[in-house]
Amino acid sequence: MSFASIKRGYQVISIALHYGLDELLPKKLTPWYFKLWRRSLFWLRNKHKSKAGGERLKLAMQELGPVYIKFGQMLSTRRDLLSDEWAHELAMLQDRVPPFDSKLAREAIEAELKAPIETLFDDFDDTPLASASISQVHTATLKSNGKPVVLKVLRPNVEQNILADLQLMSQSANLLETILGPDNRLRPAEVVEDYRTTILGELNLKLEALNTVKLRNNFIDSNSLYIPYVYEELCYPRLMVMERIEGIPVSDVAALKAQGTNLKLLAERGVELFFTQVFRDNF
């Protein structure tokens, strides 16, 4: 392992222990040698004893950064594995991650546009509409047509941070494969490589824009799915500009019921749309 990986590994362990994540492990996963190792790190104490387990895990993942936040987002959808309390806490990682400075957001947007924001947009809101692990979203009005839009911009230095964490995860996975032997069924190195492909694909917003345009074209005549319009001429690797639309998150069941949504029909359409993408469009 490189010095940078060892340093980051210690950082990960420190944050995990400061949030007492070791205390959340089942007893069968904490044998005597684990407890001995834990006691040897006596200076890394749990500073969040008063917080519930789900909140501690969420806060630790937020502090660890994008790679771990994305993993938490993935876990939040697994209601079959997590309690409602834990799933609810991790679901906050979807779009309620602490935002980065709007001054940095402005600088990043203008660097991609190669022009001041005011020359292309009116009513740019410095307060983010949403903030997630890899990017955050700001609202504005397009000067050319007066339509409301959202600007999605990557976090500063997110690429370097993710690549550093992926390197650590890859090295750890290779070490684990050596320990488990060639016949292990977990294949950690393979899992990490799949995750690498997925998360690196999210770092190119120009590619995301092109995928969104293709998806919109696939469903342009659909009465069941609406894909926002993407302003391709304003999209770059670190910036994406698209139509702003209003809606209710599908996870907000109370709001859906309050407006009289037919949940059975919604579920049926969701399944139909998914299989249409897979079998009709292969996309």
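1. Start with Lys114, which sits in the loop between α6 and β1; helices here are DSSP runs of H or I with at least four residues, strands are E runs of at least two, and both are numbered from the N terminus. Lys114 has a positive phi of about 55° although it is not a glycine. Lys114 counts as exposed, since its relative accessibility is 72% (exposed is over 50% relative accessible area, buried is under 20%, partly exposed is in between, with a 1.4 Å probe and protein chains only).

2. A word on what you are looking at: this is a predicted model, where local features need pLDDT of at least 70, side-chain atom pairs count only at pLDDT 80 or more, and totals for chains, interfaces and linings use all residues. Residues are numbered from 1 along each chain as its sequence is written, and side-chain values use heavy atoms, with hydrogens and water left out.

3. Now for the chain as a whole. It has 11 helices and 5 strands, and its C-alpha trace spans about 65 × 45 × 40 Å along the principal axes. Of its 283 residues, 38% are buried. Among contacts with a separation of 6 or more, 60% join residues 24 or more positions apart (a contact means heavy atoms within 4.5 Å).

4. Have a look at α6, residues 102–113. This helix has 12 residues and reaches 16 Å from its first C-alpha to its last, close to the 16 Å expected at 1.5 Å a residue (the expected span is 1.5 Å times one less than the number of residues). Its buried residues are Ala105, Ala108, Ile109, Glu112 and Leu113. They cover an arc of only 130° around the axis, so they lie on the same side of α6; the arc is that of the directions from the helix axis to the C-beta atoms. The buried residues of α6 pack against β1 (121–122), β3 (135–142), β4 and β5 (239–243).

5. Lys103 is also in helix α6, but counts as exposed because its relative accessibility is 55%. From Lys103 to Arg45 it is 58 residues in sequence and 36 Å in space, C-alpha to C-alpha.

6. The loop between β4 (148–154) and α7 (158–180) holds Arg155. Is this arginine buried or exposed? Arg155 counts as buried, because its relative accessibility is 14%. Leaving aside residues up to four places away in sequence, Arg155 touches Val97, Pro98, Pro99, Phe100, Ser131, Ala132, Ser133, Ile134, Ser135 and Arg238.

7. Asn157 belongs to the loop between β4 and α7. Asn157 has a positive phi of about 60° although it is not a glycine. Asn157 counts as partly exposed, since its relative accessibility is 46%.

8. Last, Trp37 in helix α2 (residues 32–40). At 36% relative accessibility, this tryptophan counts as partly exposed. Trp37 touches Ile13 and Leu17, not counting residues up to four places away in sequence.
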